[in-house]
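Visitor: I would like to walk through this model term by term. Please set each label against its cut-off.

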Amino acid sequence: NISSIKGFYLNKEVINRGDNKCLDFGPGIGRFLEAYSGLVSTVECFDISTLYSDKLRKRANLLGVNINLTIGSSSFNVLPYADKEFDLCVATMVLLHIRPDNIVNVMGELRRVSKRVLIISYHDESIDMCLPLKNYRDDGAYCFNYDYTSLCRENNWIIDFWEKESKQCVY
């Protein structure tokens with residue numbers, strides 16, 4: 001159950017490391033908001049679509065979690081945050097939607113604005129990394145099969161934690 005894994009891991013990290021400023025990169029409808037409840041005063045959320053922003057705000061309100069939502073362009077080169085502004089950035093099932101020509105830049109930006117980055121995402125070792133898992137659709141939705149640990153090593157980002165079973169990588 002991915003939601004219980006996400007909640008447990010973030011709670012443990014926040015409590016053990018004293019994180020108090022978090023960035024949720026690509027929050028969607030806010031399935032991860034329970035993990036922040038009672039642990040951080042405000043969660044900064046960055047998304048490239050307004051598709052789920054109303055659902056995200058309603059869910060945050062229901063859970064009593066304060067959020068600041070920034071909507072950016074899908075072709076961004078620089079996130080609108082200062083270096084190391086966040087203690088922890090969480091990217092849950094979102095980086096797989098980033099095109100191969102931009103994945104290193106996006107992961108680098110997450111690392112620039114945060115002391116640590118937690119990626120929870122799917123990776124199938126039996127197929128090629130850049131092979132789309134789904135065909136491109138008219139709405140631009142697609143999924144790529146990235147090996148996040150390899151991308152970290154190739155870019156000299158030190159991996160703090162890697163757990164294959166729960167699909168979590170912290171760098």
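Visitor: What makes Asn 156 count as exposed?

Guide: Asn 156 has a relative accessibility of 68%. Exposed means over 50% relative accessible area, buried means under 20%, and partly exposed lies in between, with a 1.4 Å probe and protein chains only. Therefore Asn 156 counts as exposed. Asn 156 sits in the loop between helix H5 (148-154) and strand S6 (161-163). Its phi is positive, about 60 degrees, although Asn 156 is not a glycine.

Visitor: What kind of model is this, and how are residues numbered?

Guide: It is a predicted model, where local features need pLDDT of at least 70, side-chain atom pairs count only at pLDDT 80 or more, and totals for chains, interfaces and linings use all residues. Residues are numbered from 1 along each chain as its sequence is written, and side-chain values use heavy atoms, with hydrogens and water left out.

Visitor: Why is Lys 84 called partly exposed?

Guide: The relative accessible area of Lys 84 is 39%, so the label is partly exposed. Ser 73 is in the loop between S3 and S4. At 40% relative accessibility, Ser 73 is therefore partly exposed. The C-alpha atoms of Ser 73 and Ile 48 are 5.4 Å apart in space, yet these residues are 25 apart in sequence.

Visitor: What makes Ile 120 count as buried?

Guide: Its relative accessibility is 0%, so Ile 120 counts as buried. Ile 120 lies in strand S5. From Ile 120 to Val 170 the C-alpha distance is 8.8 Å, across 50 residues of sequence. Over the protein chain, buried residues make up 44% of the 171 residues.

Visitor: How many helices and strands are there, and what pattern do they follow?

Guide: The protein chain has five helices and seven strands. Both kinds are DSSP runs numbered from the N terminus: helices are H or I with at least four residues, strands E with at least two. Along the sequence the pattern is α-β-α-β-α-β-β-α-β-α-β-β.

Visitor: How do you know that strand S2 and strand S3 pair?

Guide: Pairing requires that DSSP finds at least two bridges between two strands. S2 (residues 42-47) and S3 (residues 66-71) have six, in the parallel sense. Phe 46 stands opposite Thr 70 in S3. From S2 the chain crosses through helix H3 (residues 53-63) to S3, a right-handed β-α-β crossover. Right-handed means that, with the strands pointing away from the viewer, the path from the first strand over the helix to the second runs clockwise.

Visitor: Why is the pair of Phe 25 and Phe 46 called stacked?

Guide: The ring centres of Phe 25 and Phe 46 are 5.7 Å apart and their planes are at 5 degrees, so the pair is stacked. Phe 25 lies in strand S1 (residues 22-25) and Phe 46 in strand S2, so the pair ties together parts 21 residues apart in sequence. Phe 25 and Phe 46 are both buried.

Visitor: What is the label for Tyr 81 and Phe 86, and why?

Guide: Their centres are 5.0 Å apart and their planes are at 80 degrees, so this pair is edge-to-face. Ring pairs link Phe 25, Phe 46, Tyr 81 and Phe 86 into a cluster.

Visitor: How do you know that the charged end of Lys 21 sits over the ring of Phe 86?

Guide: The rule asks for NZ of Lys or CZ of Arg within 6 Å of the ring centre and within 35 degrees of the ring normal. The charged end of Lys 21 sits over the ring of Phe 86, 5.5 Å from its centre.

Visitor: What makes a nonpolar core, and how many residues has the largest?

Guide: A nonpolar core is a set of buried Ala, Val, Leu, Ile, Met, Phe, Trp, Tyr and Cys residues joined through side-chain atoms within 4.5 Å. The largest has 28 residues, and those with the most contacts inside it include Phe 25, Leu 79 and Tyr 171. H4 gives the most to this core, with five residues.

Key: Rings of Phe, Tyr and Trp (its six-membered ring) pair if their centres lie within 6.5 Å; planes under 30 degrees apart count as stacked, over 60 as edge-to-face and the rest as tilted.
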